[in-house]
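Please open the model in a viewer and keep the selection panel at hand.

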Amino acid sequence: MPSVKLQRLSEAEEGEHFRIEKLDIKDGTMKRRLLDLGFVPGCEIIVLQKSPLGDPTAYRVSNTTIALRKEESDHIYGERICDDNK
Amino acid sequence: MTTNEYTVALAGNPNTGKSTLFNVLTGLSQHTGNWPGKTVVYAEGFFTYNHNRYKMVDLPGTYSLYSNSADEEVARNFIIFGKPDVTIVVLDATALERNLNLALQVLEMTSSVIVCLNLMDEAKKKGIRIDAGKLAEKLGVPVVPISARNKEGIDALLKTIDAMVCGKIKTKPIVVRYSPEIEQCMEKLIPRVKEVIGDAYPARWVALRLLDGDMSLLHAFYKLFPSKKEATVYACDGSAKSI
Amino acid sequence: MHATVPQNRFKELLNEAQALAPADTREQIVSAIFRASQAICDETVTYETQAKQYEMEKLDRIFTSKLWGFPIMLAMLAVVIYITIAGANIPSNMLASFFTWLEGYLTLFFQTLHAPDWLHGLIVLGLYRGTTWVISVMLPPMAIFFPIFALLENYGYLPRVAFNMDRLFKKAGAHGKQSLTMAMGFGCNAAAIMSTRIIESPRERMLAILTNNFVPCNGRWPTLILLSSLFMAANYTGGWKTFVTASVVVGMVLFGIVVTLSVSWVLSKTALRGIPTHYTLELPPYRRPKIWDTIVRATLDKSVYVLKRAVVVAAPAGALTWVLGNIHIGDTTILAYLANWLDPFAKALGLDGYILMAFILGLPANEIVLPILFMGYLSTGSLTEVDGLHSLKQIFVDHGWTWLTALNMMLFSLLHYPCGTTLINIYKETKSRKWTFVAFALPTAVAIAVTFLTTYIARWFSLV
């Protein structure tokens with residue numbers, strides 16, 4: 001899908017699904033950590049909810065809940081999928 | 001009746017109940033809490049089963065063994081260089097998918113693996129059903145469903161450990177197929193790895209780690225084979241980097 | 001480059017591998033493993049009902065909600081402390097009375113043996129009193145606080161606290177997991193120092209180490225609780241008394257958190273400059289703990305711990321204090337001499353020489369600060385018969401205590417240098433004398449500054 005404009009994970013709203021396309025992270029350690037946690041290109045994750053103070057945000061990734069700060073979710077690109085079933 | 005001593009390593013993601021299982025088996029009381037990272041230093045304990053004495057090592061909980069952090073390095077080095085007789089990978093049955101990643105990584109490193117599906121009670125409550133037999137078939141190693149905190153399945157686990165150290169279980173760990181590109185590189189690299197480090201270490205895994213540029217593994221090998229020549233190189237590696 | 005330099009064969013091998021490896025090797029490897037896991041799961045795992053799976057996670061909608069997240073945290077803290085105070089009062093008094101009663105018989109025993117006074121003093125008035133004091137003041141609250149805390153911990157609430165608080169820590173330049181290490185500090189700062197290993201970045205880990213002391217540990221809770229109930233809640237009775245006591249203690253904890261964040265902020269702008277590094281936090285599923293197992297284990301663990309500390313640290317300290325309080329130089333005891341010497345400085349902090357000396361002698365363990373102080377006061381001649389905890393207040397008042405003295409002692413206890421064990425652990429973890437010294441000096445400076453200020457302000461407004 002080269003025509004689809006990729007969006008940042010940080011732009012996705014609570015409750016939305018998000019399919020990861022790429023991680024644009026220079027810091028090798030961080031990238032590895034995110035990959036290990038399941039933020040892998042091709043995977044679909046769900047935006048669960050924001051912390052009371054607005055950041056970080058919790059995501060459901062391969063059946064677990066992981067929180068990321070905006071600094072990280074800004075660099076995860078992919079496609080927002082609005083959940084029509086709800 | 002001879003008594004042998006075997007080493008059993010416990011690996012697993014953080015928060016999968018490794019410490020609980022450790023406490024159940026060794027009778028020790030390591031602190032357990034529900035937050036990631038509470039086992040910061042690895043703990044050792046002992047137990048005896050069927051006339052054999054076991055040393056149990058509770059490795060730090062890690063998401064992976066690709067040495068992103070000191071914890072992962074500790075766990076990886078123990079499995080590779082400590083050569084435990086059995087490595088138990090404790091998986092959280094309620095989040096099997098992510099947990100399996102670690103199991104697959106461990107299976108690349110050693111074939112004496114028992115996969116322990118912990119938190120089966122939680123999984124049941126959540127309506128998750130796991131076909132342990134099929135999983136064992138897929139992974140090529142024994143899979144034991146347990147609930148460490150309810151002390152369920154512990155006996156089956158002990159029996160499996162016993163059978164494994166006695167050589168009664170033949171495992172055939174699954175081999176993860178990588179992209180053709182990576183597989184090709186590995187094909188070239190594996191003979192070279194065998195040439196350099198011999199057969200004592202899993203060549204395919206070492207090749208994979210080298211492709212990934214794992215510096216910490218390199219350093220671990222440096223320390224392991226300090227042939228005179230290399231020891232000097234290593235010693236002056238910092239100051240006179242002529243290579 | 002080939003034959004002349006003794007090439008390392010591993011290095012060579014790595015270089016070979018690197019020459020072969022495609023740029024996105026890591027992604028390819030991880031994706032392959034994930035696909036393999038997924039494929040295996042697809043064949044082996046079946047979900048009966050999708051909804052059931054995340055039932056517990058709905059709790060996060062409440063525990064980390066915009067509206068309720070913070071009120072619930074505060075309420076949890078308040079409730080835990082309230083129950084601790086309400087529950088500990090009676091057993092503490094019973095233990096104290098029991099030990100006093102036993103002391104009478106011990107004294108009688110020594111008299112029948114015609115033991116010399118100094119022996120009775122050293123053993124009974126020093127060693128025995130120091131030890132039993134620690135037990136009766138520390139054991140009940142800790143045997144209540146920690147089981148409740150362990151329940152919350154095992155339930156999985158702590159990571160939610162870290163999730164809620166993260167923004168504040170980020171603003172302060174610190175790591176969100178610092179709140180987890182702080183929570184460990186409630187138990188024991190020395191253990192919490194070890195737990196900072198969960199923070200990977202050295203800079204943020206150092207922040208967590210240097211500020212961990214600002215959460216009250218096991219050895220300091222009782223001081224806070226006791227002083228708060230004796231002085232802050234003096235005019236209240238019954239349930240209100242407990243409520244006011246708990247409120248003051250909660251206030252102290254919150255103040256400690258504010259200090260932690262402020263100090264972290266200042267440090268990350270100065271000595272430990274840098275931007276917050278990456279952050280990922282797993283929120284594990286809530287798990288109903290084995291309630292009785294948890295309670296029994298936490299109670300036993302803590303009781304054994306408190307008793308051990310009482311014997312190992314409090315007993316010798318009690319004996320030492322008695323010796324210092326009974327060896328005379330000229331017409332004063334060594335203890336009085338030291339206390340007088342410290343007095344002018346201590347007065348500026350709203351304390352007195354004995355209090356400051358108790359803190360200094362209490363370096364090995366925070367538990368013994370109050371007993372040392374108490375014995376110091378007793379050795380000055382006011383021979384109050386101590387019966388239970390109520391007459392304690394009289395001893396303090398006799399030595400000129402006001403609510404301000406109590407407040408300053410609480411503040412100093414909350415903020416001052418970490419105990420000896422913690423300092424040793426800090427040295428072990430940082431491998432640096434410099435940072436260990438900073439970990440000692442920084443909180444002490446904060447403690448001095450804060451108590452000086454409160455005293456100054458209170459006197460300025462003629463509140464005392």
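Two residues are in contact when they have heavy atoms within 4.5 Å of each other. This is a predicted model, in which local features need pLDDT of at least 70, side-chain atom pairs count only at pLDDT 80 or more, and totals for chains, interfaces and linings use all residues. Residues are numbered from 1 along each chain as its sequence is written, chains are lettered from A and ligands numbered from 1 in the order in which they are written, and side-chain values use heavy atoms, without hydrogens and water.

First, select chain C. Among its contacts with a separation of 6 or more, 76% join residues 24 or more positions apart. The C-alpha trace spans about 85 × 65 × 55 Å along its principal axes.

Next, turn to the interior. Of the 464 residues of chain C, 57% are buried, that is, under 20% relative accessible area with a 1.4 Å probe, protein chains only. Which residues touch the most other members of the largest nonpolar core? They are C:Ile81, C:Leu373, C:Phe396, C:Trp401 and C:Met409, in a core of 122 residues. Helix H6 (residues 117–155) of chain C gives the most to this core, with 13 residues. A nonpolar core is a set of buried Ala, Val, Leu, Ile, Met, Phe, Trp, Tyr and Cys residues joined through side-chain atoms within 4.5 Å.

Finally, centre on C:Ile81. Beyond its neighbours within four places in sequence, C:Ile81 contacts C:Phe145, C:Trp221, C:Ala246, C:Val249, C:Val250 and C:Val253.

Key
Buried < 20%, exposed > 50% of the residue type's maximum accessible area, 1.4 Å probe, protein only. Helix = DSSP H or I, 4+ residues; strand = E, 2+ residues; numbered from the N terminus.
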